[in-house]
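Please look at the sequence and the structure shown below before reading further. The paragraphs that follow lead through selected places one after another.

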Amino acid sequence: MIGAPMIKVANIMTNCRICGNKIDKFMTFGRMPLANGFLTEAQFKDEYFFELAPAFCESCHTFQIVDQPAPEAMFHGEYAFFSQTSRSMAVHFEAFAKDTMARRLGPQDPFVVELGSNDGIMLRHFAKAGIRHLGIEPSANVAEAARAQGVNTRCAFFGAETAREIMAEHGQADIIQAANVMCHIPDLKSVAEGVALLLKPDGLLIFEDPYLGDVIRKTSYDQIYDEHVYVFSAMSVARIFGAHGLELVAVEPQKTHGGSMRYVVGRKGRHAVEASVAAALADEKALGLDRPETYDQFRRDCEASRDGLMAALNDLAAQGKRVVGYGATSKSTTVTQYCGITPRHVEFISDTTPTKQGKCSPGAHIPVKPYDAFASNYPDVALLFAWNHAEEIFAKEDGFRAAGGRWLVYVPEVKFIP
Ligand code: TYD
């Protein structure tokens with residue numbers, strides 16, 4: 001944790017956050033620091049750790065982590081995550097905004113609210129189009145970055161109370177959007193309540209998050225970290241919002257974050273439910289997302305992935321090869337800590353985000369260096385922590401391959417490229 005006071009209180013859940021049913025972890029990733037807790041050497045001694053362990057609720061089928069640091073420990077004045085760090089994400093959010101404008105937005109002075117609007121990466125397109133909008137963003141530094149771009153932003157956590165305040169000031173919303181935000185919010189009941197208040201009768205909530213189906217299929221266990229309280233499925237989303245007079249009316253798979261799902265939710269009975277919903281629910285049943293055995297197999301798959309990756313890294317270390325990490329992602333914290341990757345295996349991690357550079361990675365304490373450190377002295381192997389951007393990265397790193405460099409990836413399986 002950086003900058004904010006040390007908060008040692010964690011929320012250890014033994015009951016499902018959604019339905020209250022008893023839940024128990026089906027595996028553990030062990031002692032884990034905050035995924036975005038990049039830190040200096042002086043801060044090592046105060047580093048925050050908690051147990052990262054996922055559970056699956058057999059009653060409402062919501063996948064969640066059991067223990068979670070207090071939100072104030074994660075999203076604060078020096079939160080290191082800015083959305084505008086990748087070109088493909090900027091393109092994705094522009095497409096998301098334009099799709100909403102073209103297909104979902106009414107013509108009568110519409111009002112769009114975005115939850116967790118970060119640095120305005122999506123909302124700026126609504127702002128540019130002259131559409132009434134408001135971003136809700138709890139991290140002060142990130143909210144300020146959005147305002148600097150002309151995106152109206154309120155620094156707050158969203159819930160029923162904030163919804164009432166927004167309504168009093170601006171009226172109800174035609175669209176509420178969120179991207180990679182809903183899965184961060186432990187008290188989803190309050191969010192669903194807020195959405196049910198804030199939406200116009202025919203309004204829509206449109207949000208997307210990493211998709212449980214992809215995590216299970218690809219063993220992408222690194223989507224599980226402190227900020228991701230939930231990894232959703234269509235099954236769980238239908239249940240979560242269904243309890244608040246809302247229903248799932250469409251789902252649209254996305255390529256982002258290594259496999260995401262966009263969920264479209266409206267008031268019950270106000271919209272035709274698209275065929276995509278029944279198709280996703282059937283697919284999830286076939287995949288076994290409602291059965292404990294699936295998660296038992298997932299645990300075994302995680303262990304095999306970890307063992308394979310460490311065998312490769314230990315081999316490289318024994319051969320004296322230089323290995324550099326590519327992308328100091330939040331996800332990489334789960335990987336380094338769960339697998340036991342140290343600076344002995346990975347010399348440094350290259351990352352383009354200024355706030356991460358010059359610090360060390362959480363837990364493993366691998367130095368984070370600017371991109372130049374990678375480009376000016378290519379290693380033998382680049383461990384692709386930012387695997388969700390593989391296409392973009394491979395395309396721009398021709399030079400590394402041409403110089404004989406190899407990529408080491410671990411999703412969906414551990415392998416070298418070429
Ligand atoms: P992100 O995709 O947001 O993953 P997570 O949600 O797990 O944090 O993070 C990508 C990180 O990788 C971000 O810190 C920027 C960095 N990055 C690079 O350093 N170079 C690149 O070419 C790309 C695409 C990303």
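**A guided reading of the structure**

The side chain of Gln223 reaches the backbone oxygen of His257 at 2.8 Å. Such a polar contact is a pair of N or O atoms within 3.5 Å; within protein, one atom must be able to donate a hydrogen and the other to accept it, and residues adjacent in sequence count only if both atoms are side-chain atoms. Gln223 belongs to the loop between α7 (212-218) and β12 (230-231). These element names refer to DSSP runs, numbered from the N terminus: helices are H or I runs of at least four residues, and strands are E runs of at least two. Gln223 counts as buried because its relative accessibility is 2%. Buried means under 20% relative accessible area, exposed means over 50%, and partly exposed lies in between (1.4 Å probe, protein chains only).

The model is predicted: local features need pLDDT of at least 70, side-chain atom pairs count only at pLDDT 80 or more, and totals for chains, interfaces and linings use all residues. Residues are numbered from 1 along each chain as its sequence is written, and side-chain values use heavy atoms, with hydrogens and water left out.

The next topic is the ligand. Its surroundings consist of 22 residues, the closest being Ser330, Asp351, Lys356, His389 and Lys396; a residue is near a molecule if one of its heavy atoms lies within 4 Å of it. Which residue has a side-chain N or O atom 2.5 Å from an oxygen atom of the ligand? That residue is Lys396. A polar side-chain atom of Thr353 is 3.2 Å from a ligand oxygen atom, while a polar backbone atom of Thr352 lies 3.0 Å from an oxygen atom of the ligand. Taken alone, the ligand exposes 560 Å², and the protein buries 97% of that. Accessible areas of this kind come from the Shrake-Rupley method with a 1.4 Å probe; for residues, only the protein chains shown count as cover.

Two or more residues of the shell around the ligand are given by each of the elements α11 (330-339) and α13 (390-396). The largest share, three residues, comes from α13.

Is Lys331 buried or exposed? At 5% relative accessibility, Lys331 counts as buried. Its charged end sits over the ring of Trp387, 6.0 Å from the ring centre. A charge sits over a ring if NZ of Lys or CZ of Arg is within 6 Å of the ring centre and within 35 degrees of the ring normal. Elsewhere, Arg31 lies over the face of Phe49, at 3.7 Å from the ring centre. Lys331 and Tyr221 are 110 residues apart in sequence, yet their C-alpha atoms are 8.5 Å apart in space.

Aromatic rings can also pair with one another. The structure holds 22 aromatic pairs. One of them joins Tyr230 and Phe232, whose ring centres are 5.5 Å apart and whose planes meet at 15°, so this pair is stacked. Rings of Phe, Tyr and Trp (its six-membered ring) pair if their centres lie within 6.5 Å; planes under 30 degrees apart count as stacked, over 60 as edge-to-face and the rest as tilted. Both partners count as buried, Tyr230 at 1% relative accessibility and Phe232 at 0%. The rings of Phe374 and Tyr378 have centres 5.4 Å apart and planes at 65°, so they form an edge-to-face pair. Phe374 counts as buried at 0% relative accessibility, whereas Tyr378, at 30%, counts as partly exposed. Phe374 and Tyr378 belong to one aromatic cluster, together with Tyr326, Tyr371, Phe394, Phe400 and Trp407.

The last topic is the backbone. Most residues other than glycine have a negative phi, and most peptide bonds are trans. Asp109, although not a glycine, has a positive phi of about 40°, and Thr219, also not a glycine, has one of about 50°. Thr219 lies in the loop between α7 and β12. A cis peptide bond joins Val411 and Pro412, with omega about 0°, and another joins Ile417 and Pro418, with omega about -5°.
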